[in-house]
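This briefing goes through one protein structure by topic. Please look at the sequence and the model before reading the points.

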Amino acid sequence: MPLLTEYWYKDLITIFVTVILGAILYLKWIYGYWNRKNVITPTVSLPFGNASKLFSQTVTFADEFKDLYFQMKSKGLSYCGYYFFTQPVLIVFDLELAKSIISKDFSHFTDQITYCNEKNDPLTGQLLALKGNKWKNLRAKLTPTFTSGKMKMMFQSFIDCSHELVKFMDGLSGIKEPFEVKEVVGRFTTDIIGTCAFGIECNSLKNPNSEFRKYGKRLSQPNFIETLKNITAISVPQVLDILKIPLFSSDVAKFFIEIVKETVDYREKNNIVRNDFMHLLIQFKNNVATGELKSEKSGEEGEKNGNEIGNTLTLEEMAAQAFVFFLAGFETSSTTLTFCFYELVTNPEVQEKLRLEIKDVLEKHEGKLTYNALMEMTYMDWCVNETLRKYPPIPILCRCCTEPYRIPNSDVVIDKNVHVYIPIIGIQHDTEYYPEPEKFDPERFSFQNKAKRQHYTWLPFGEGPRACIGMRFGLIQIKVALAVLIKDYKFTLNSKTQSPLVLDPRSFIMTSIGGVWLNIEKVSD
Ligand code: HEM
């Protein structure tokens, strides 16, 4: 039956045109947000705002925000507006403002932009995604897991996994096979995180099809639907909430929750104590129940207002934390190692200098790779820092405004729920701070050179209260791999590598298309 006119098809056309016009007007109003605040934005286009190239995956996150950094900074701007689809974002170029947002005035920007809905998806109830006081209490509890003391206690697990890595490399050097470095070091970091976070020997170096490796790959190479869910989670998270769509597929959640459940059961039944992250989580569960560990407010009160982590962790909460350590820990580190190897093979004099340092230090430590020996490898530290400068695995830092904030010396107020991005990829390639930024020069991180640079010019692990909690852990796994490999093997670039590297626009973490292929040869003593 016709509604508006005599003909149903005219009604249909009218409704269709009205909906389209309504959507366009709504988007135009949304995309006027920064204009109304007199904040300059790059040219905005319908329907994706400024992010159309990111949505069509024709540009990488790193290139998008590096280009924007240079384009806007050259106009003398300290910040600009941006629309990630319908989500307004402030992009900050000025180091002082970046410092205020992530450290000095942190109380206005306490949250990450990561999706969190523990009811729909238990795995999102993890440290990186939790908000407000819930995050604050959990962060306070988890921080002791990553002290240098705890790292020393876990160090033997790193060394055990490195033996497998060396065995694997020995095999390759014997048959003179080129190998893709990210695949191999990804298996190594998966094994370490599996051991330390889940107490499980994944053996992915021996068995590349191990379950952990399989899920690791799935998480780092999302398919179209998963990419769409990731984008929705950042730009319009309400859609996932209302439609009750979990961010992580049910089989991923089932795998991680089951593995934590089995580990906890086994350890509790057999009184097993290990120096790892899982043990600490079990202690939280049990100590808290006996009153030894108190969160800032009582769990009951917290449960009431729904904004506190309770006094005890449920199995799902434990699984979510182990999961984030896996998610945040294995690929960032394997990516860093991959780019570091690429630079070491394209700068053979740096590789040689590093090899000499490793041998010298080990000689002083009777040939044993101990925690202290690793800390004495200064040149290695510079090489890793320079890699993280050139290729920060996470190219932007993100915050959500949790309390309105007036930008100092301006009339611009950042409203609650507006996102803020700090494009560290731009800062770390800025000639003002790093002359010849494309050159790989570890000496930039010598004590004297570092002292000459401003703070906040090197941010691969973030800064302030929400900085990376696993920095020490990540650096140790990177350095252990470098120490055992560079000491005994010489690496050169294999012709299968697309050099200069081309980054993959489908990946948020910096990744090169086709990978980095190396030749390996044992060095004589
Ligand atoms: C080279 C290695 C790594 C890099 C470059 C890296 C980088 C980062 C960055 C940029 C952040 C956000 C910081 C901010 O917004 O200020 C972060 C957060 C985080 N990282 Fe890492 N990370 C690495 C290794 C690890 C490892 C090994 C783990 C765990 C075992 C880990 C666990 C986390 C967690 C849980 C957070 C969230 C912290 C919070 O919100 O309180 N990361 N990481």
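Helices (H or I, at least four residues) and strands (E, at least two) are DSSP runs, numbered from the N terminus. The model is predicted: local features need pLDDT of at least 70, side-chain atom pairs count only at pLDDT 80 or more, and totals for chains, interfaces and linings use all residues. Residues are numbered from 1 along each chain as its sequence is written, and side-chain values use heavy atoms, with hydrogens and water left out. The protein has 21 helices and nine strands.

**Overall shape**

- The radius of gyration, which is taken over C-alpha atoms, is 25 Å for this protein.
- Along the principal axes, the C-alpha atoms fill a box of roughly 90 × 60 × 50 Å.
- Of the 525 residues, 55% count as buried; buried means under 20% relative accessible area, exposed means over 50%, and partly exposed is in between (1.4 Å probe, protein chains only).
- Contact means heavy atoms within 4.5 Å. Among contacts between residues at least 6 apart in sequence, 72% join residues at least 24 apart.

**Helices H8 and H9**

- Axes are lines fitted to C-alpha atoms, for helices over the stretch in contact, and angles run from 0 to 180 degrees between N-to-C directions.
- Helix H8 covers residues 181-198 and helix H9 covers residues 211-220; the two pack at an angle of about 115°, with their axes 10 Å apart.
- Angles under 35 degrees count as roughly parallel, over 145 as roughly antiparallel, 65 to 115 as roughly perpendicular and the rest as oblique. H8 and H9 are therefore roughly perpendicular to each other.
- The crossing of H8 past H9 is right-handed. A crossing is left-handed if the near helix is turned anticlockwise from the far one by less than a right angle, and right-handed if clockwise.
- On the H8 side the contact uses Lys182, Glu183, Gly186, Arg187, Thr190 and Phe198, and on the H9 side Phe212, Arg213 and Lys217.
- This contact of H8 with H9 has two nonpolar, two polar and five charged residues. Here Ala, Val, Leu, Ile, Met, Phe, Trp, Tyr, Cys and Pro count as nonpolar, Asp, Glu, Lys and Arg as charged, and the others, Gly among them, as polar.

**Helices H16 and H18**

- The axes of helix H16 (residues 348-364) and helix H18 (residues 378-390) cross at roughly 140° and come within 8 Å.
- H16 and H18 are therefore oblique to each other.
- In H16, Val350, Lys353, Leu354, Glu357 and Ile358 meet Thr378, Tyr379, Met380 and Cys383 of H18.
- Sorted by class, the contact of H16 with H18 has six nonpolar residues, one polar and two charged.

**Backbone exceptions**

- Most residues other than glycine have a negative phi, and most peptide bonds are trans.
- Leu46 and Pro47 are joined by a cis peptide bond, with omega about 0°. Pro47 sits in the loop between helix H2 (33-36) and helix H3 (52-55).
- Ser499 and Pro500 are also joined by a cis peptide bond, with omega about 0°. Pro500 is placed in the loop between strand S8 (489-493) and strand S9 (517-522).
- Asn38 is not a glycine, yet its phi is positive, near 60°. Asn38 belongs to the loop between H2 and H3 and is exposed, with a relative accessible area of 72%.
- Gln57 is not a glycine either, and its phi is positive, about 55°. Gln57 is found in the loop between H3 and helix H4 (61-73) and is partly exposed, at 28% relative accessible area.

**Two buried residues**

- Phe158 is part of helix H7 (residues 148-175) and counts as buried, at 0% relative accessibility.
- Leaving out residues up to four places away in sequence, Phe158 touches Phe188, Ile192, Phe473, Ile476, Gln477 and Val480.
- Phe158 and Thr189 are 31 residues apart along the chain, and their C-alpha atoms are separated by 9.2 Å.
- Leu54 is in helix H3 and is buried, with a relative accessible area of 8%.
- Not counting residues up to four places away in sequence, Leu54 touches Val59, Thr60, Phe61, Glu64, Phe65, Tyr82 and Phe84.
- Leu54 and Asp191 are 137 residues apart in sequence and, C-alpha to C-alpha, 32 Å apart in space.

Definitions and conventions
Rg over C-alpha atoms; globule rule 2.2 N^0.38 Å.
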